[in-house]
Amino acid sequence: MEGRIVKLPDELVNRIAAGEVVERPASVVKELIENSIDAGAGAITVEVKGSGKRYIRVMDDGSGMLREDASLAFERHATSKIKTAHDLHKITTLGFRGEALPSIASVSNVRLLTRSAGDSSGTEIELDNGIVKAIKDAPPVKGTSIEVKDLFLNIPARLKFMKSDATELSHIIESVNQHALSHPVIRFKMINGNKAIIDTASTNNILDRIASIFGYEITDSLAPQINYVRGGLSLEGYVSKPSINMAGRSLQYIFVNNRYIKDRVINHAIYEAFRTLLPKDRHPAYFLFLNIDPEMVDVNVHPSKIEVRFAKQGEVHDFVRDAIRESMKRAGSWDPGVGSQEQNAELRAPNSELYKDRVRETIERYISGQESGPGNLESGIKNFNRYSTLNTQHSTLKLSPETESNLSQFKPVGQIFDSFIILEGADNIIFIDQHTAHERILYERFLQKIKDSKIEVQTLLLPVNMEVSSKESVILQSNLDNFKKLGFDIESFGGNSFIIRAVPSLLSGDDYKQLIRDILDKLIVHQRNTSFDEIVNDMILIMACRGAVKANQRLGIEEMESLVKELMRTSRPFTCPHGRPIALSMDKGQILKGFLRR
Ligand code: ADP
Ligand code: MG
């Protein structure tokens with residue numbers, strides 16, 4: 001009987017590897033750019049058509065390849081970057097697996113043009129789904145150009161997984177951005193159709209590069225440069241100022257030895273450095289460059305090299321955390337350890353999200369009696385805690401049904417901490433969180449108006465100019481209609497510039513640009529399953545939150561009355577659209593008991 005195991009032919013092996021390495025057009029772009037960088041390019045041009053599904057070309061002015069190397073490059077595990085197992089422990093190039101070109105070639109049609117200084121003529125190689133069709137002379141143009149056509153055309157299963165043009169394009173832009181950030185000296189250009197959407201000048205200054213990719217406005221949001229060295233590690237780059245934060249994580253970049261990676265350890269260290277400084281569900285922006293001895297990091301743990309493993313991960317973690325803290329301390333902007341003057345100033349600033357969260361935390365702790373709160377509360381108040389029926393467990397929080405239906409009979413008697421309204425009824429008092437209450441009101445109002453297509457629009461006296469990143473630009477461009485439905489009149493002004501002409505009138509003089517950025521952040525995350533309702537719901541949530549009266553804002557009695565009245569008209573007056581409670585109640589009986597009057 002014949003054995004059943006066979007060794008797979010190379011073509012099939014390559015196609016299997018392609019399954020891991022080439023997930024989408026952006027992965028092709030990533031691998032080709034990496035090769036150009038490894039070849040010492042000074043300028044790299046990426047050209048795509050049909051969002052990369054039809055056509056991708058990456059051109060560089062790097063070392064080029066000798067003819068014999070050029071035909072070897074498409075063989076499996078053929079690389080010029082490592083020679084021995086020992087080399088694997090000290091990798092300084094982006095590539096080393098010798099897998100990218102054969103994998104890409106196995107799922108597309110490839111044309112390579114290259115010329116190395118050692119050859120008098122250039123070389124052209126054509127491959128059709130991994131099979132070499134022709135090798136011929138080509139003009140002696142310096143560097144390498146690789147064209148990839150009809151990606152996945154022979155793999156219907158893969159083709160099915162391709163997303164919309166805007167989504168695939170934004171992934172490609174993201175990949176170009178990542179490489180442009182990690183190699184500011186290289187000039188990067190990206191052309192989509194006939195339009196240049198990225199064009200960055202060579203620079204030694206990372207801040208210039210950040211600005212040319214994400215727009216100059218972003219530089220105002222960044223804390224002073226980090227430049228920290230300790231025990232063989234160095235960290236450079238920028239994090240956002242703690243007072244500024246984002247709805248999503250799209251502006252988070254970590255590079256290890258100039259390789260863009262995702263890493264939980266470093267990510268955790270960053271959030272730890274920011275701990276207590278960010279409101280819930282808000283995120284910092286960061287562009288961080290860690291340099292480490294290549295022998296202390298294993299880059300061979302993931303087929304597309306997006307993850308690494310550190311030999312001493314605890315050390316890396318603490319180093320990154322300390323580096324960020326140190327830079328912040330040096331800048332005098334805050335000091336998580338000591339609680340400096342500046343920090344207090346930050347906390348007291350009106351409308352500070354941070355302040356709002358502190359207030360909420362303090363009051364929650366205080367009334368739930370878990371802790372006596374700051375400033376050592378007196379024992380009498382501690383007693384009050386013990387008798388309190390206030391319940392801060394979101395899931396179990398309930399106003400009795402009678403209370404709910406009679407809420408209109410409750411009268412506002414005042415406000416505490418400029419954040420919570422107190423209502424008095426016959427047998428209860430109720431605390432209302434003014435921000436979440438208003439959020440609920442606005443959310444439902446928006447929703448209703450959109451259902452009735454009755455969004456009122458306020459035309460801005462002076463149209464506002466807005467710069468966004470290329471990626472945001474693609475997303476914004478493809479969602480202009482959605483923004484229109486919500487009452488935003490935004491117009492493309494060429495490149496990454498937009499003009500805001502009108503905003504929904506329900507928004508009260510807020511920072512439109514930040515609001516639009518927050519919405520774009522959400523849209524970028526949501527690209528996978530873009531149902532219009534979902535997008536709109538997200539947009540409304542953000543608009544409601546932004547438009548709502550803030551904590552730490554004093555209200556007059558009439559304002560409180562109308563807020564409560566409006567709240568009662570909503571469908572779910574007691575939960576904010578984000579799921580937080582709006583109201584807490586306390587029984588008169590419990591209060592009497594607390595004072596030993598019962
Ligand atoms: P790896 O990058 O892991 O070595 P690839 O399959 O991506 O594997 O590339 C194979 C080889 O082809 C590289 O090692 C390099 O020698 C050569 N090569 C690929 N792209 C270029 C380029 N743009 N310029 C010069 N040489 C290149
Ligand atoms: Mg490579």
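This is a predicted model: local features need pLDDT of at least 70, side-chain atom pairs count only at pLDDT 80 or more; totals for chains, interfaces and linings use all residues.
How do strand 3 and strand 4 pair, and over how many bridges? I started my notebook with that one. Strand 4 covers residues 122–128, and its pairing with strand 3 runs in the antiparallel sense over six bridges.

**Entry 1: around strand 3**

I stayed with this pair for a bit. Strand 3 and strand 4 make a hairpin, with six residues between them. For a landmark I picked Leu112, which has Ile125 of strand 4 opposite it.

Then I looked for another partner and found strand 6, residues 143–149. Strand 3 pairs with strand 6 over seven bridges, again in the antiparallel sense. Here my landmark is Val110, which stands opposite Val148.

Next I went through the side chains of strand 3, residues 109–115, and saw that they alternate. Val110, Leu112 and Thr114 point to one face and are buried.

**Entry 2: ligand 1**

Which residues are closest to ligand 1? I noted Asn35, Thr79, Ser80, Lys81 and Gly98, out of 21 residues that surround the ligand. Sorting the shell by class, I got eight nonpolar, nine polar and four charged residues.

I then checked some polar contacts with oxygen atoms of the ligand. Ser80 uses a polar side-chain atom, 2.5 Å from an oxygen of ligand 1. Leu101 has a polar backbone atom 2.9 Å from a ligand oxygen. For Ala100, a backbone N or O atom lies 3.3 Å from an oxygen of ligand 1.

How much of ligand 1 does the protein bury? Taken alone, the ligand exposes 530 Å², and the protein buries 92% of that. I also looked at which elements give two or more residues to the shell: they are helix 2 (25–38) and helix 4 (100–106). Helix 4 gives the largest share, three residues.

**Entry 3: helix 14**

I wanted to see whether the length of helix 14 fits its residue count. It has 18 residues, 434–451, and at 1.5 Å a residue it should span 26 Å; the end C-alpha atoms are 26 Å apart, so the two agree. Is helix 14 mostly covered or mostly open? I found it mostly covered, with 13 of the 18 residues buried.

At the N-terminal end, Asp433 is the cap, with a side-chain oxygen 3.0 Å from the backbone nitrogen of His435. Just after the helix, I noticed that Ser453 takes a positive phi of about 45°.

**Entry 4: helix 8**

Helix 8, residues 264–273, is also mostly covered, and I noted seven of its 10 residues as buried. They are Val265, Ile266, Asn267, Ala269, Ile270, Glu272 and Ala273. What caps its N-terminal end? I found Asp263 there, with a side-chain oxygen 3.1 Å from the backbone nitrogen of Val265.

**Entry 5: Asp60**

Last, I looked up Asp60, which sits in strand 2, residues 55–60. Why does Asp60 count as buried? Its relative accessibility is 10%, and buried means under 20%, so Asp60 qualifies. I also checked Asp60 against Ile37: they are 23 residues apart along the chain, and their C-alpha atoms are separated by 8.5 Å.

Notes. Residues are numbered from 1 along each chain as its sequence is written. Chains are lettered from A and ligands numbered from 1 in the order in which they are written. Side-chain values use heavy atoms; hydrogens and water are left out. A residue is near a molecule or strand if one of its heavy atoms lies within 4 Å of it. A polar contact is a pair of N or O atoms within 3.5 Å; within protein, one must be able to donate a hydrogen and the other to accept it, and residues adjacent in sequence count only if both atoms are side-chain atoms. Accessible areas come from the Shrake-Rupley method with a 1.4 Å probe; for residues, only the protein chains shown count as cover. Helices (H or I, at least four residues) and strands (E, at least two) are DSSP runs, numbered from the N terminus. Ala, Val, Leu, Ile, Met, Phe, Trp, Tyr, Cys and Pro count as nonpolar, Asp, Glu, Lys and Arg as charged, and the others, Gly among them, as polar. The expected span of a helix is 1.5 Å times one less than its number of residues. Buried means under 20% relative accessible area, exposed over 50%, partly exposed in between (1.4 Å probe, protein chains only). Two strands pair if DSSP finds at least two bridges between them.
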